[in-house]
Amino acid sequence: MNKLKIATWNIDGLTPKKNEDENLLKIYNLDALLISEPHLTSNSQIHVHNYNVYSTNHPDGTAHGGTAIIIRTSIEHYELPQFRSESIQATSISRMKMGISVSPRFIVLQSTL
């Protein structure tokens, strides 16, 4: 049975740290990286050689919150519908052969004191 190497990272802004995530993928030979808080917008362009990048941005369109998944192109998978609200954003994929779904979630808890 093949094992997938998956890591999670609260990156607090993916675009300025793009080289860091590519190094992390290479150094640890990761199959997938689940990212919270990539702070992407519809204008953001993220490309990683030999990987697919999926993201769910914050619904207000500004660069904060959000989630992303970076997964090897050689792994059979498909993107599931995104979930996007003011307090929760989720990017999800499903692995074709193993029936595994992964989804990083960014949740903002609000309270009044």
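Start with L33, which stands opposite I70 in β4. That pair belongs to β2 and β4, which run antiparallel and are joined by 5 bridges. Two strands count as paired if DSSP finds at least two bridges between them. Helices (H or I, at least four residues) and strands (E, at least two) are DSSP runs, numbered from the N terminus.

Before going on, the basis. This is a predicted model, with local features needing pLDDT of at least 70 and side-chain atom pairs counted only at pLDDT 80 or more, while totals for chains, interfaces and linings use all residues. Residues are numbered from 1 along each chain as its sequence is written, and side-chain values use heavy atoms, with hydrogens and water left out.

Now the sheet. It is open, has 4 strands in the order β1-β2-β4-β3, and its pairing is mixed. At the edges are β1 (6-10) and β3 (51-56), each pairing on one side only. On average, neighbouring strands are turned by 15° against each other, direction ignored; the axes are lines fitted to C-alpha atoms, for helices over the stretch in contact, and angles run from 0 to 180 degrees between N-to-C directions. β1 and β2 run parallel, joined by 5 bridges, and W9 stands opposite I35 in β2.

What about β4 itself? 6 of the 6 residues of β4 are buried, so this strand is largely enclosed by the rest of the structure. Buried means under 20% relative accessible area, exposed over 50%, and partly exposed in between, with a 1.4 Å probe and protein chains only. T67, I69 and I71 point one way from the strand, and A68, I70 and R72 the other.

R72 has a charged partner. The structure holds 1 salt bridge, between D31 and R72, with the closest N and O atoms 2.8 Å apart. The term covers a side-chain nitrogen of Lys or Arg within 4 Å of a carboxyl oxygen of Asp or Glu. Both D31 and R72 are buried.

Next, the packing. The largest nonpolar core has 13 residues, and those with the most contacts inside it are L14, L25, L33, I35, V48 and I70. A nonpolar core here is a set of buried Ala, Val, Leu, Ile, Met, Phe, Trp, Tyr and Cys residues joined through side-chain atoms within 4.5 Å. The elements giving two or more residues to this core are β2 and β4. Apart from it lies another core, of 7 residues, among them Y54, I69, I71 and I75.

Where is L25? L25 is found in helix α1 (residues 18-27), and is buried, at a relative accessible area of 2%. Not counting residues up to four places away in sequence, L25 touches L30, L33, V48, Y51 and I70; contact means heavy atoms within 4.5 Å.

To finish, the whole chain. The protein has 1 helix and 10 strands. Of its 113 residues, 41% count as buried.
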